[in-house]
Amino acid sequence: MDKTKVIVIGGGASGLMAAGRAGDLGCNVILLEKMHRLGMKLRITGKGRCNLTNMEELDECIKNYGTKGKFLYNCLAKFFNTDLIDFFEKRGVDTVIERGKRVFPKTGDADGVVNCLVGYTKKNKVTIKTNFRVSKIITDGPRVVGVEGNNRERIDGNAVIIATGGKSYPLTGSTGDGYMLARMLGHEIIKPVPGLVPLEIKEEYIKEMQGLSLKNIELTVFINEKKIDRIFGEMLFTHYGVSGPIILTISKEVISKLKHGTVSLSINFKPALSKDTLDKRILREFNEYGKMKYRNILKHLIPMKAINVFVMLSKIPADKRGCEMNREKRRRLITLLSDFKMTVKGPRPIEEAIVTCGGVALDEINPKTMESLLRKGLFFCGEVIDIDGDTGGYNLQAAFSTGYVAGENACRYHPG
Ligand SMILES: Cc1cc2nc3c(=O)[nH]c(=O)nc-3n(C[C@H](O)[C@H](O)[C@H](O)COP(=O)(O)OP(=O)(O)OC[C@H]3O[C@@H](n4cnc5c(N)ncnc54)[C@H](O)[C@@H]3O)c2cc1C
């Protein structure tokens with residue numbers, strides 16, 4: 001019997017893994033990438049350091065993909081974090097585990113990860129074509145039989161893997177083409193919306209704090225003033241609102257609640273101090289710097305970039321002296337320090353999201369093989385499917401695991 005010819009559309013994290021794996025099993029593989037270079041998004045992951053995966057146990061790991069996580073069970077069980085680490089270490093990319101069980105390449109260089117994956121495909125004789133944008137998948141009855149490029153060039157194959165990614169960071173090549181290709185073949189697409197995305201804030205004065213980065217703060221999320229979540233960590237103020245790790249983490253929940261009412265966030269700048277201790281600390285500062293102006297005393301309590309906003313919101317004149325402060329003024333300051341409120345306007349656009357939520361509907365894909373349940377010989381992997389994970393390496397692990405499984409099963413697929 002002739003070798004199965006596998007066509008992989010998209011040379012990102014999942015497509016490179018799928019192509020390499022199918023080639024490894026002896027298939028004839030062609031990888032088509034529309035950009036001039038492979039793995040453009042992968043190169044910017046983890047701020048260029050590439051958070052490859054997470055060392056969480058399988059059952060815990062699955063919780064990081066929300067309610068749809070169980071779809072990934074088979075793929076993760078087949079090729080999980082330790083398999084991925086072995087895969088890279090065997091090919092010369094050593095890894096380190098950092099805070100939150102996050103795994104990175106030891107060199108801290110995402111390009112090295114891409115080079116390793118490209119090396120894997122080349123070693124397995126995968127033919128790579130860059131600057132090739134697939135615009136159509138060709139079918140013969142229920143079967144896929146090839147693809148057609150923008151340039152009308154046709155490539156025949158027995159199996160086709162859609163590994164085109166989501167819709168975010170379009171300059172990396174992920175512009176949502178896979179949704180169009182899958183829809184043309186009858187697949188349902190769950191509306192793509194931003195996930196892990198910065199948030200816009202209604203209060204205009206937030207702009208004054210842009211560039212301010214906060215560590216070890218506590219953030220509480222409210223819907224119609226009812227508390228729904230609380231998280232500790234790092235965040236950042238921007239010209240439109242807020243970003244940074246904890247904001248990205250809560251963004252999905254925030255977006256889902258926005259249609260039900262007003263979502264607000266509250267920062268506790270000093271989560272380690274009780275209100276009493278905080279009051280004593282402020283009193284000490286006011287006593288120690290009795291002759292100093294309020295604005296200058298604030299420098300001892302909060303970052304410089306927050307001072308103007310604190311002066312305005314506390315309604316305490318900037319030139320009031322420390323010795324002129326009374327209990328009421330201290331109370332206003334304590335409220336700002338422990339319960340700094342902001343109202344969420346909405347998410348930033350999908351182009352700025354780290355991941356896309358939505359995509360090819362899961363009930364039309366076989367979770368054991370990643371094959372389409374509608375078309376024979378059609379497979380999916382990576383972000384194009386309706387799965388998204390939290391920050392911490394979960395999205396790349398999903399891309400690699402589904403890529404591995406799709407590559408393997410596409411290679412084993414025989415028409416007829
Ligand atoms: C800034 C940023 C940082 C991130 N950091 C991390 C991190 O540290 N850890 C983590 O787990 N996740 C991270 N992610 C998410 C992660 O990068 C993605 O989930 C992952 O890359 C998805 O892999 P993929 O193969 O599905 O898609 P992609 O990596 O997006 O690859 C899809 C490829 O398909 C190509 N393509 C698209 N359409 C066509 C077409 N019609 N024809 C041919 N080729 C096509 C694209 O050009 C692209 O190369 C980050 C994302 C961003 C934006």
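**View 1. Ser-266 and its partner across the strands.** In this predicted model, Ser-266 has Lys-341 as its bridge partner in β17. The two strands here, β16 (residues 263-268) and β17, run antiparallel and are joined by four bridges. Strands are DSSP runs of E with at least two residues, helices are runs of H or I with at least four, and both are numbered from the N terminus. Two strands count as paired if DSSP finds at least two bridges between them.

**View 2. The β12 and β17 pairing.** Strand β17 (residues 340-347) also pairs with β12 (residues 199-201), again antiparallel, over three bridges. Look for Leu-199, whose bridge partner in β17 is Pro-347.

View 3. A side-chain N or O atom of Glu-383 sits 2.6 Å from a ligand oxygen. Asp-177 puts a polar side-chain atom 2.8 Å from a ligand nitrogen, while a backbone N or O atom of Gly-173 lies 3.5 Å from a ligand oxygen. On its own the ligand has 1,000 Å² of accessible area, and the protein covers 95% of that (Shrake-Rupley, 1.4 Å probe).

**View 4. The shell around the ligand.** The ligand is surrounded by 34 residues, with Ser-14 and Leu-396 among the closest; a residue counts if one of its heavy atoms lies within 4 Å. Helix α13 gives the largest share, four residues.

**Notes.** Residues are numbered from 1 along each chain as its sequence is written, and side-chain values use heavy atoms, without hydrogens or water. Local features need pLDDT of at least 70 and side-chain atom pairs 80 or more, whereas totals for chains, interfaces and linings use all residues.

Methods
Polar contact = N/O pair within 3.5 Å; in protein donor to acceptor, adjacent residues only side chain to side chain.
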